[in-house]
Amino acid sequence: MTISRSQLRVHGNDSARREDSIRVEGILSGDDEAFRALVVEYHALAFSLAYRSLGDAQDAEEVVQDAFVKIHGALDGFRGDASLKTWILRIVWRLSLNRRRDRARSSWRRLGLHRSGDDADASLAGPAAESPEARLLSREASRLVRDVVDGLPSVLREVLILNSFEELGYEDIARVLDIPVGTVSSRIYTARRKLAARLPKLGT
Amino acid sequence: MLDRWWHRRGKELSAFADAELTGAAADRVAERLVFEDEARQDLDRLRRLDTLVAQSLAPTSLAPDSGAVADAVLAQLPKAPAPIRSRNWTPTVVASVGLLVTAGVAFAGLKRRGWV
């Protein structure tokens with residue numbers, strides 16, 4: 001008897017869901033260590049998501065801490081329809097959007113005084129600096145790409161940001177944004193087209 | 001009509017670049033990539049674009065230490081209300097019974113002597 005890949009995926013999902021619900025039950029019964037382990041496991045991903053949405057490390061960290069406090073309070077509402085990871089990312093995403101909205105209203109940001117020194121001075125060089133793309137990507141180019149992404153309509157920007165995570169597939173993105181998978185695919189394609197049209201000089 | 005055809009081709013290639021295409025659609029794109037120079041260039045452009053976006057959006061500073069963040073989050077959690085301790089009635093009952101017995105004995109003694 002052979003098992004198809006889709007059957008394996010269903011089995012994998014089932015066991016992951018079971019692990020998620022055992023974990024949630026532990027936390028709900030007052031196991032602080034279990035909650036601590038959950039924060040440690042998902043913090044980097046949550047921070048990266050908030051940062052990609054907000055473009056500011058301090059804002060991202062505040063949002064993430066706030067998100068985990070809210071997650072702790074909302075865990076009894078976790079029904080297991082989606083994985084714990086997707087559920088957590090959805091909360092982080094919503095709080096990031098709220099922060100983004102609040103920030104857009106602030107006069108500080110409207111005057112363009114919001115760019116933190118840390119972010120501006122941070123080097124983009126790293127292991128990826130060996131690739132031609134990384135060499136091409138000066139600090140200015142990076143800012144330009146970010147500005148173009150920021151200038152996209154929000155429905156396109158959000159799929160592009162979520163799709164920049166290797167660990168998130170279209171199904172995960174669909175769950176985080178609560179839209180159909182086909183819509184995710186269409187929006188990613190449209191976002192890429194618009195981006196390519198606006199970044200003709202960056203080798204795209 | 002032609003627009004829709006181009007749109008479908010582009011959308012399929014985009015999903016293929018994300019390894020999200022399966023079945024006949026994936027086979028169709030794979031075949032195009034073998035025979036069409038333009039499709040290969042488009043895929044190459046898509047991947048370069050993705051690299052640019054990923055590098056531009058990625059955090060430029062390291063995320064704070066996860067353990068320290070976890071401790072900070074735990075410190076912010078509302079404390080669970082302290083359990084209401086059930087009152088230990090035993091000493092009170094013993095003292096009350098003792099007082100009653102003493103009062104009873106004293107009353108009986110006073111009564112025997114005719115003082116009450």
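From the N terminus on, chain A of this predicted model runs α-α-α-α-α-α-α-α-α-α-α. In other words, chain A has eleven helices and zero strands. Chain B joins chain A through a contact that takes 32 residues from chain B and 46 residues from chain A. For the complex, the predictor gives an ipTM of 0.70 and a pTM of 0.72. Here is a friendly tour, by topic.

**Confidence**

- Chain A has a mean pLDDT of 81, with 76% of its residues at 70 or more.
- Chain B averages a pLDDT of 85, and 91% of its residues score at least 70.
- Within chain B, the mean is lowest in H1(B), at 83, and highest in helix H2 (residues 23-35), at 92.

**The fold of chain A**

- Of the 204 residues in chain A, 32% count as buried.
- Taking the contacts in chain A with a separation of 6 or more, 62% come from residues 24 or more positions apart.

**Helices H9, H10 and H11 of chain A**

- Helix H9 of chain A covers residues 154-163, and its buried residues are A:Glu158, A:Val159, A:Leu160, A:Ile161, A:Leu162 and A:Asn163.
- Those buried residues of H9(A) pack against helix H2 (32-54), helix H8 (139-150), helix H10 (170-177) and H11 of chain A, together with H3 of chain B.
- Helix H11 of chain A (residues 181-198) has 18 residues and reaches 26 Å from its first C-alpha to its last, close to the 26 Å expected at 1.5 Å a residue.
- By class, the contact of H10(A) with H11(A) has five nonpolar, one polar and one charged residues.

**A look at A:Tyr42**

- A:Tyr42 sits in helix H2 of chain A.
- A:Tyr42 counts as buried because 21 other C-beta atoms lie within 10 Å, and the cut-off is 20 or more.
- Leaving aside neighbours within four places in sequence, A:Tyr42 is in contact with A:Lys85 and A:Ile88.
- A:Phe68 is 26 residues from A:Tyr42 along the chain, and their C-alpha atoms are separated by 9.6 Å.

**Where the chains meet**

- The contact between the chains draws 32 residues from chain B and 46 residues from chain A.
- On the side of chain B that touches chain A, the elements giving two or more residues are helix H1 (2-17), helix H3 (37-57) and helix H4 (66-76) of chain B.
- H3(B) supplies the largest share of that side, eleven residues.
- Sorted by class, the side of chain B that touches chain A has 17 nonpolar, ten polar and five charged residues.
- H8(A) and H3(B) pack at an angle of about 95°, with their axes 9 Å apart, so H8(A) is roughly perpendicular to H3(B).
- The contact is made by A:Ser142, A:Val145, A:Arg146 and A:Val149 of H8(A), and by B:Leu52, B:Val53, B:Gln55, B:Ser56 and B:Leu57 of H3(B).
- The residues of the contact of H8(A) with H3(B) divide into five nonpolar, three polar and one charged.

**A look at B:Arg8**

- B:Arg8 has its place in helix H1 of chain B.
- B:Arg8 is partly exposed, with 13 other C-beta atoms within 10 Å.
- B:Arg8 and B:Ala39 lie 31 residues apart in sequence and 13 Å apart in space, C-alpha to C-alpha.

Notes: Residues are numbered from 1 along each chain as its sequence is written. Chains are lettered from A and ligands numbered from 1 in the order in which they are written. This is a predicted model: local features need pLDDT of at least 70, side-chain atom pairs count only at pLDDT 80 or more; totals for chains, interfaces and linings use all residues. Helices (H or I, at least four residues) and strands (E, at least two) are DSSP runs, numbered from the N terminus. The expected span of a helix is 1.5 Å times one less than its number of residues. Two residues are in contact if their C-beta atoms, placed from the backbone, lie within 7 Å. Ala, Val, Leu, Ile, Met, Phe, Trp, Tyr, Cys and Pro count as nonpolar, Asp, Glu, Lys and Arg as charged, and the others, Gly among them, as polar. A residue is buried if 20 or more other C-beta atoms lie within 10 Å of its own, exposed if 12 or fewer, and partly exposed in between; C-beta atoms are placed from the backbone. pLDDT is the predictor's confidence in each residue, from 0 to 100. Axes are lines fitted to C-alpha atoms, for helices over the stretch in contact, and angles run from 0 to 180 degrees between N-to-C directions. Angles under 35 degrees count as roughly parallel, over 145 as roughly antiparallel, 65 to 115 as roughly perpendicular and the rest as oblique.
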